[in-house]
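This briefing is meant for a reader who is meeting the structure for the first time. Please look over the sequence and the model shown here before reading the notes that follow.

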Amino acid sequence: MVTQVVSLSHGDQTVTALRPLLEIFSPRDGDRVESGTVKGGAATCPITGFTTSAASVKRQLTQQRGGAQNSRLYAVYVERNAGREFRIATPDDSTAFLRAAAAALEVLHKDPAAFPTEEINPIRPYKNSRGLSAVTRIGCINFGDLYNARQALSIHVLYGVLRRLTLDRCGLDHPFLLALKTALAFAINRGVSQNTSMSRWDASRLTIKGAFSKQALAVVWDFAEANPFSGGSADWDGAIEWVRRFIEGNCSMDRPGTTVRASATTIPLPSDSAAALVTDPPYFAAIPYADLSDFFYVWFRRGLGESYPDLFANELTEKAEELVVTNAQKGSNGQTKDDSFFRLGMAAALKSARDVVQSQGIGVIVYAEGTTAGWEAILGAKPSR
Ligand SMILES: C[S@@+](CC[C@H](N)C(=O)[O-])C[C@H]1O[C@@H](n2cnc3c(N)ncnc32)[C@H](O)[C@@H]1O
């Protein structure tokens with residue numbers, strides 16, 4: 001039995017490395033699946049049968065800022081030509097993790113903000129919408145708390161390679177290099193969602209699911225960590241393939257598009273200039289879009305900030321102008337983002353849309369809102385013309 005306890009720390013970043021007490025995670029009976037160890041937030045020790053109450057589990061996780069850094073590897077899934085197998089984690093697996101954890105601390109020693117230090121907003125956006133706030137209930141403070149050391153290191157290393165793709169090294173022209181780096185960043189960020197302490201193991205498909213099974217982060221009791229170069233689920237090849245399919249699917253367009261970041265309340269186009277307007281406006285209080293975007297933005301900014309300095313000037317995404325009903329954010333004048341804020345903003349957005357569309361043009365509005373309040377708000381947001 002290996003009983004090693006290693007704690008590595010730098011500032012407030014601590015990695016209590018694995019204590020590979022291998023027997024703990026060995027099945028008692030190879031033919032029988034034991035019952036689960038967590039129910040309603042309470043955890044039962046598989047050895048002693050002692051149940052720790054939900055309140056105590058939460059307190060302990062909170063002391064560990066969510067616990068991702070103290071998580072322990074207990075099983076490994078392997079696909080080989082001959083078939084698939086689950087095996088118990090070995091000392092070699094633990095040593096590999098420890099080496100990654102030590103390398104992560106080296107990185108943080110040189111740059112304490114190498115992994116995302118931006119705070120997660122703990123305010124729950126609305127009664128039926130959690131946004132990112134659930135993980136703050138178990139002590140996660142910043143976005144870096146959502147990853148174990150090896151997960152964060154792997155994302156950091158991939159973005160490091162991306163940043164080193166420069167004109168003099170690649171010999172590509174600037175627009176092509178920028179497009180290439182952007183596409184690669186999408187692939188890396190695909191891995192961000194599939195490589196966190198909220199990434200689920202899909203036992204029916206034997207694959208890793210991303211962190212967003214719905215439009216909110218949810219706490220999971222055990223998570224899957226992908227080897228980015230495994231050739232299996234959630235690996236780098238899969239992420240590249242996903243981006244490739246997207247690009248190919250959109251190649252049929254015969255002319256390039258232009259993207260502008262601006263508020264829909266003041267569309268930066270001349271009056272009567274557009275033949276059509278197609279829009280999918282925000283769904284009232286259902287989804288805190290910008291809050292959720294921050295999950296990806298903090299990594300994009302680290303990898304692409306120098307490529308797009310204007311787009312990534314802010315530490316987090318802009319929220320003041322966002323037309324959603326939420327308790328988690330305020331408007332630009334400090335106003336509450338309530339029904340009235342939404343109606344006034346949508347009225348301005350629809351008026352601006354009407355101004356830029358030609359009189360013979362068309363407008364398409366997709367609104368899949370599920371609440372009466374949301375429908376009343378958008379129907380009541382008529383532009384005064
Ligand atoms: C229903 S979603 C659209 C999703 C989009 N069709 C897609 O598939 O990704 C509504 C979007 O409107 C954005 N939004 C909210 N307020 C806005 C504003 N003032 N100006 C521009 N966009 C805004 C939200 O941040 C969100 O991304």
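Arg 65 has its place in the loop between helix 1 and strand 6, and in this model, which is predicted, that residue has a positive phi of about 50° although it is not a glycine. Arg 65 counts as buried because 22 other C-beta atoms lie within 10 Å, where the cut-off is 20 or more.

**Loop residues and backbone angles**

- The loop that holds Arg 65 also holds Leu 73, and it runs between helix 1 (54-63) and strand 6 (75-80).
- Leu 73 is partly exposed, with 18 other C-beta atoms within 10 Å, and its C-alpha atom is separated by 23 Å from that of Asn 189, a residue 116 places away along the chain.
- Most residues other than glycine have a negative phi.
- Phe 284, in the loop between strand 10 (274-279) and helix 7, has a phi near 45°, a positive value in a residue other than glycine.
- Phe 284 is buried, since 25 other C-beta atoms lie within 10 Å of its own.

**Overall build**

- The protein has nine helices and 13 strands, and its C-alpha trace spans about 75 × 55 × 45 Å along the principal axes.
- Of the 385 residues in the protein, 28% are buried.
- When contacts between residues at least 6 apart in sequence are considered, 65% of them join residues that are at least 24 apart.
- Thr 44, found in strand 4 (residues 42-44), is partly exposed, with 15 other C-beta atoms within 10 Å.
- Leaving aside neighbours within four places in sequence, Thr 44 is in contact with Thr 37, Gly 49 and Thr 51, while Ala 262, which is 218 residues apart from Thr 44 in sequence, is 51 Å apart from it in space, C-alpha to C-alpha.

**Two domains**

- The protein is divided into domain 1 (6-27 + 38-257 + 289-323) and domain 2 (260-288 + 324-385), and 33 Å separate the centres of the two, taken over C-alpha atoms.
- Where the domains meet, 18 residues of domain 1 are in contact with 20 residues of domain 2, and the residues on the domain 1 side divide into nine nonpolar, four polar and five charged.

**Nonpolar cores**

- In soluble globular proteins, nonpolar side chains tend to be buried together.
- The largest nonpolar core has 42 residues, and those with the most contacts inside it are Ala 104, Val 135, Leu 146, Ala 152, Ile 155 and Ile 188.
- Helix 2 (91-110), helix 3 (149-163), helix 5 (174-194) and helix 7 (289-304) are the elements that give two or more residues to this core.
- A second, separate core has 13 residues, including Phe 284, Val 325, Met 346 and Leu 350.

**Helix 5 and helix 7**

- At 1.5 Å a residue, the 21 residues of helix 5 should span 30 Å, which agrees with the 31 Å between its end C-alpha atoms.
- The buried residues of helix 5 include Lys 181, Leu 184, Ile 188 and Arg 190, and the buried residues of this helix pack against helix 3, strand 9 (207-209), helix 6 (236-249) and helix 7.
- Ile 188 touches Ile 155, Leu 158, Tyr 159, Leu 162 and Gly 303, not counting residues up to four places away in sequence.
- Asp 291 lies in helix 7 and is buried, with 28 other C-beta atoms within 10 Å.
- Beyond its neighbours within four places in sequence, Asp 291 is in contact with Asn 121, Pro 125, Gly 131, Leu 132 and Ala 328, whereas 27 Å separate the C-alpha atoms of Asp 291 and Lys 382, which are 91 residues apart along the chain.

**Around the ligand**

- The residues that surround the ligand are Ser 263, Ala 264, Thr 265, Asp 280, Pro 281, Pro 282, Tyr 283, Tyr 289, Ala 290, Glu 321, Glu 322 and Leu 323.
- The shell around the ligand divides into seven nonpolar, two polar and three charged residues, and each of domain 1 and domain 2 supplies at least three residues to it.

Definitions and conventions:
Residues are numbered from 1 along each chain as its sequence is written. This is a predicted model: local features need pLDDT of at least 70, side-chain atom pairs count only at pLDDT 80 or more; totals for chains, interfaces and linings use all residues. A residue is near a molecule or strand if its C-beta atom, placed from the backbone, lies within 6 Å of it. Ala, Val, Leu, Ile, Met, Phe, Trp, Tyr, Cys and Pro count as nonpolar, Asp, Glu, Lys and Arg as charged, and the others, Gly among them, as polar. Domain bounds come from an automatic or database domain assignment. Helices (H or I, at least four residues) and strands (E, at least two) are DSSP runs, numbered from the N terminus. A residue is buried if 20 or more other C-beta atoms lie within 10 Å of its own, exposed if 12 or fewer, and partly exposed in between; C-beta atoms are placed from the backbone. A nonpolar core is a set of buried Ala, Val, Leu, Ile, Met, Phe, Trp, Tyr and Cys residues joined through C-beta atoms within 7 Å. Two residues are in contact if their C-beta atoms, placed from the backbone, lie within 7 Å. The expected span of a helix is 1.5 Å times one less than its number of residues.
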